[in-house]
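Q: I would like to learn how to read the features of a model like this one. Where do we begin?

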Amino acid sequence: MIFFTCLCSDGGGFSSILSSFSKLFFIAGVSSNSVGNKIYINLNETFPCVRLLNATHQIGCQSSFAGDVGVVHLLESEENLDWVLGSGPNPPYMVILESTLFTRPIMMKLKHGSQRVAGVVVVEPTTNPPDGFSPHTSCPNENTGVYSESYGPSYAHCNVTVWNPLGTGLSYEEFDFPIFSMKDSNDTEVLRRCYREHNRAVNGSTPQYPLCAMQLFSHMSAVRDTATCMRRSEIPFSLTPEEVCDPLGDENVWASTKPLNNTAKGHKEGESVVIAAAKMDSRSFFFDVAPGADGTATGLVALLAAANALRNATAELNRTILYTFFHGETFDYIGSSRMVYDMENNQFALDLDNVHSILEVGQVALGSNSRLWLHSDPVSRRNSSVNVEKLASNLHLAAAGLNISLEEPNVTQPLPPSSLQRFLRARPIPGVVIENHQASFTNKYYQSIFDNAESLQLNYSPNLTAEEQLEFVTDAAKNLTEVATAVARGLYLQAGGHPAGMNAVQADSRLVRPMLYTFLVRGKNSWSEQLRGQSSDGDVSSFSSEDRPTNFYIGVHQQMSEPRFMVQTILANLTGTIVNVTKENCQKQKEDEEDVRNKHLYYYQWVQGPLRPNSTERDSFCVRSGVRRFAAKSPAFVLREYTS
């Protein structure tokens with residue numbers, strides 16, 4: 001299967017093409033009905049590194065058009081590299097790397113000796129590396145945030161704080177050979193055994209044919225940069241038009257605590273909103289493996305639980321809370337940059353003049369000290385009209401009596417990577433980002449395959465069934481419930497709620513528990529199944545068809561990603577109300593045959609509902625909520641400015 005993706009941000013972007021197909025073959029006689037089956041063994045659970053393009057260059061990996069073939073070599077130590085890069089008599093080699101050797105120094109040596117390297121397969125370990133691993137850069141999104149030569153230049157390029165000190169930058173290197181990840185399973189043992197029996201040099205001897213070899217396919221058609229790729233896709237006189245790249249993108253999700261007319265775009269007179277934001281995407285070095293446990297899921301779950309905690313308290317507020325979940329933030333803030341662009345150009349239900357303040361929930365997995373940090377922008381705080389102190393004060397008050405503490409860094413430092421930076425590029429707005437780190441990330445696995453349930457110590461007894469695991473309240477769920485309560489109470493106060501009513505706002509661990517399980521352990525379960533919606537054509541949309549965690553990768557804009565559908569569905573169920581509407585009218589976005597108004601104010605979803613006792617039938621119903629979606633696609637594709 002060939003798959004194309006492209007990412008652009010503010011005039012620039014990335015393109016990739018992948019073929020998630022890999023084969024191992026070795027010369028050996030086996031019983032089979034075909035020649036192909038005699039020499040090929042297909043490998044399962046393989047994940048490729050893919051090519052991405054931006055405004056100026058390309059990164060990632062690719063194979064040749066027909067795939068690449070090399071003699072299997074199991075790299076047992078860094079000293080053993082000489083066999084691959086110099087002394088080995090049978091190049092090119094297909095290098096099998098144990099995860100401990102998947103380091104920048106080794107990968108750069110392989111890159112620079114690529115004429116003797118056909119490809120690399122990284123064996124994914126069964127447990128996380130204790131010292132951490134992050135293939136992202138040490139300064140995420142450094143060129144697309146607010147800090148620059150014209151705004152807080154002393155804070156630009158992580159001059160003050162290196163946010164991701166473990167970042168190797170491997171995800172932003174270009175490799176001209178394919179690189180795949182494999183689960184450490186029976187397939188990897190086949191590789192190791194074949195290498196030991198046929199390819200390994202013993203006592204200085206040269207291995208003799210037949211030798212084990214491997215073939216990897218991950219061909220990329222897009223080359224050079226986004227402008228080149230888009231131009232080739234848009235050639236008007238081609239007899240056989242071919243899309244060689246597509247923008248990375250999907251849709252952002254938002255909901256408001258009071259109905260907002262989504263048809264009437266632009267400024268809403270008299271409307272003042274507090275934006276409560278979280279991101280809903282992640283990535284790793286390998287395509288389609290983006291667990292994002294602390295990097296994404298903790299903030300996501302905390303804000304969803306906070307929204308539910310506030311559902312019955314919004315009548316007391318004199319400001320509207322706008323829950324906003326941004327997609328594509330990993331790639332130069334795709335989602336938030338599009339929201340700012342739409343607000344500036346009257347393409348959103350509100351404009352920037354309606355924004356009172358912003359509270360963003362980032363990485364909030366609690367450590368042993370149960371401490372979170374309130375980060376703000378030191379540049380905009382110099383403006384007397386930017387009242388960050390009030391927002392911080394409300395959050396401190398909100399945490400009183402809870403088993404967490406909220407503190408502000410005692411040194412002047414910039415904002416960590418956050419969606420708030422994109423708003424500050426447009427204008428000074430009071431804003432705070434809640435994180436679990438004072439300075440550098442405490443997340444040792446940022447944007448990697450290891451930012452998973454294990455990294456949060458989301459542990460379940462092996463004796464529990466899947467249903468019992470779903471019902472079990474882990475320590476991680478208890479801690480995140482406290483965080484969600486603090487966020488909800490802080491938003492309540494910031495939106496004008498009276499402190500006397502604050503303690504009635506309480507997040508529910510019985511909701512945090514299944515959300516964590518659904519996002520990080522098993523997407524398909526009894527809780528998620530009852531939230532499934534049904535479209536007008538009868539199709540039932542599911543969170544995941546597999547027993548696996550959510551893939552938080554954004555994908556291409558023509559396809560709905562898992563996190564976007566999941567957030568949209570969960571948010572509607574947690575903040576909406578059940579209405580007595582027929583299935584047909586619900587799916588047509590109206591409450592009765594005469595209703596032509598409510599579709600502008602509400603979103604209606606027919607929900608599958610829980611199973612009836614001792615039955616396979618379900619009690620389905622219609623949910624009315626303020627949930628909406630809007631494009632999470634870089635403004636560069638609107639402006640057609642791919643090179644700036």
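This is a predicted model: local features need pLDDT of at least 70, side-chain atom pairs count only at pLDDT 80 or more; totals for chains, interfaces and linings use all residues.

Q: Which residue does Cys 586 form a disulfide with?
A: A disulfide is read from the distance between two cysteine sulfur atoms, with 2.5 Å as the cut-off. Cys 586 is linked to Cys 622, and their sulfur atoms are 2.2 Å apart. The pair joins distant parts of the chain, with Cys 586 in helix α15 (residues 583-587) and Cys 622 in strand β23 (residues 621-625), 36 residues apart. Cys 622 is buried as well, at a relative accessible area of 1%.

Q: Why is the disulfide of Cys 586 and Cys 622 right-handed?
A: The handedness comes from the torsion about the S-S bond, which is about 85° for Cys 586 and Cys 622, so this link is right-handed.

Q: How many disulfides does the structure hold?
A: There are four disulfides. One of them joins Cys 49 and Cys 61, with sulfur atoms 2.0 Å apart. Cys 49 sits in the loop between β5 (46-48) and β6 (52-53) and Cys 61 in strand β7 (residues 58-61), so the bond ties together parts that are 12 residues apart in sequence. The torsion about their S-S bond is about 80°, so the disulfide of Cys 49 and Cys 61 is right-handed. Both cysteines, Cys 49 and Cys 61, are buried.

Q: Where do Cys 139 and Cys 158 lie in the chain?
A: Cys 139 and Cys 158 form a disulfide with a sulfur distance of 2.1 Å. Each of the two is in the loop between β10 (117-124) and β11 (174-175), and the pair links distant parts of the chain, 19 residues apart. The S-S torsion is 90°, and the link of Cys 139 and Cys 158 is right-handed. Cys 139 and Cys 158 are both buried.

Q: Is Lys 590 buried or exposed?
A: The cut-off for buried is under 20% relative accessible area. Lys 590 has 15% relative accessibility and therefore counts as buried. This lysine is located in the loop between α15 and β22 (603-607). Apart from neighbours within four places in sequence, Lys 590 contacts Val 581, Asn 585, Asp 595 and Tyr 604.

Q: Which residues of the largest nonpolar core touch the most other members?
A: In soluble globular proteins, nonpolar side chains tend to be buried together. Here the largest nonpolar core has 92 residues, and those touching the most other members are Phe 325, Leu 491, Met 515 and Phe 519. Not counting residues up to four places away in sequence, Phe 519 touches Leu 300, Val 301, Leu 304, Pro 549, Thr 550, Phe 552, Met 566 and Ile 570.

Q: Which element gives the most to the lining of the second largest pocket?
A: The elements giving two or more residues are α6 (293-309), β18 (371-375) and α11 (475-494). The most comes from α11, with five residues. By class, the lining of this second largest pocket has 15 polar, 11 nonpolar and five charged residues.

How values were computed:
Residues are numbered from 1 along each chain as its sequence is written. Side-chain values use heavy atoms; hydrogens and water are left out. Helices (H or I, at least four residues) and strands (E, at least two) are DSSP runs, numbered from the N terminus. Buried means under 20% relative accessible area, exposed over 50%, partly exposed in between (1.4 Å probe, protein chains only). A nonpolar core is a set of buried Ala, Val, Leu, Ile, Met, Phe, Trp, Tyr and Cys residues joined through side-chain atoms within 4.5 Å. Contact means heavy atoms within 4.5 Å. Ala, Val, Leu, Ile, Met, Phe, Trp, Tyr, Cys and Pro count as nonpolar, Asp, Glu, Lys and Arg as charged, and the others, Gly among them, as polar.
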